[in-house]
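Dear colleague,

Please find below the structure that I am handing over to you, together with its sequence. My findings follow directly after it.

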Amino acid sequence: MNYSRLALAALGGTVAYFAFGSLVFWLVPALINEAHKYPAVFRPKEKMMSVMPIGMAATLIAILVVAIIFAMIHQGGSGTTQGARLGVLIGIFVVCAFVLHNYVNLNIGLKLALGQAVAYFVQWTIVGIVIGLIYKPLATP
């Protein structure tokens with residue numbers, strides 16, 4: 001396993017994750033407005049910012065795990081294609097294990113859950129692509 005490329009892939013994936021997330025908030029303010037309908041579920045922005053470092057660290061760790069999985073299953077060929085394939089699978093996993101699970105357990109509406117599902121699916125697909133673009137296995141002698 002190429003540990004330096006693994007670290008770069010995790011860092012690149014994290015940058016892509018937060019860049020896309022920021023872009024979604026900027027381009028789709030309706031998603032934030034929809035979340036504001038549930039103040040008993042979501043922290044106010046000020047309180048969210050106070051715990052943001054925990055979320056950022058957890059996201060970096062999650063993306064590092066995805067990069068490790070990519071490195072373990074990558075068998076040559078197009079890193080972009082394999083990264084996209086892994087990103088789609090992780091996206092489906094996140095939508096099912098996180099978004100729809102939260103829809104069942106939290107008192108939020110279907111519109112918010114579906115908006116989150118689309119955003120997270122695309123976000124994790126992009127992360128997979130970035131990991132696939134950056135990670136390269138060690139050259140075999």
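Val95 is buried, with a relative accessible area of 13%; buried means under 20% relative accessible area, exposed over 50% and partly exposed in between, for a 1.4 Å probe and protein chains only. This is a predicted model, in which local features need pLDDT of at least 70 and side-chain atom pairs count only at pLDDT 80 or more, while totals for chains, interfaces and linings use all residues. Residues are numbered from 1 along each chain as its sequence is written, and side-chain values use heavy atoms, with hydrogens and water left out.

Val95 lies in helix α4; helices (H or I, at least four residues) and strands (E, at least two) are DSSP runs, numbered from the N terminus. Apart from its neighbours within four places in sequence, Val95 is in contact with Leu100, Ala117 and Phe121, where contact means heavy atoms within 4.5 Å. Between Val95 and Ala113 the C-alpha to C-alpha distance is 9.1 Å, at a separation of 18 residues in sequence.

Helix α4 (residues 79-105) packs against helix α5 (residues 110-134) at an angle of about 155°, and their axes are 7 Å apart. Axes are lines fitted to C-alpha atoms, for helices over the stretch in contact, and angles run from 0 to 180 degrees between N-to-C directions. That angle makes α4 roughly antiparallel to α5, a term for angles over 145 degrees. The residues of this contact divide into 17 nonpolar, nine polar and no charged. Here Ala, Val, Leu, Ile, Met, Phe, Trp, Tyr, Cys and Pro count as nonpolar, Asp, Glu, Lys and Arg as charged, and the others, Gly among them, as polar.

The largest nonpolar core has 15 residues; such a core is a set of buried Ala, Val, Leu, Ile, Met, Phe, Trp, Tyr and Cys residues joined through side-chain atoms within 4.5 Å. Among those with the most contacts inside it are Ile63, Trp124 and Val127. Two or more residues each come from α1 (3-27), α3 (45-73), α4 and α5, and α3 gives the largest share, five residues. Beyond its neighbours within four places in sequence, Val127 is in contact with Gly13, Tyr17 and Ile63. A second, separate core of 12 residues includes Ala35, Val99, Ile108 and Ala113.

As for the chain, there are five helices and zero strands. Of its 141 residues, 35% count as buried, and the C-alpha trace spans about 60 × 25 × 25 Å along its principal axes.

With kind regards

How values were computed. Parallel < 35°, antiparallel > 145°, perpendicular 65-115°, else oblique.
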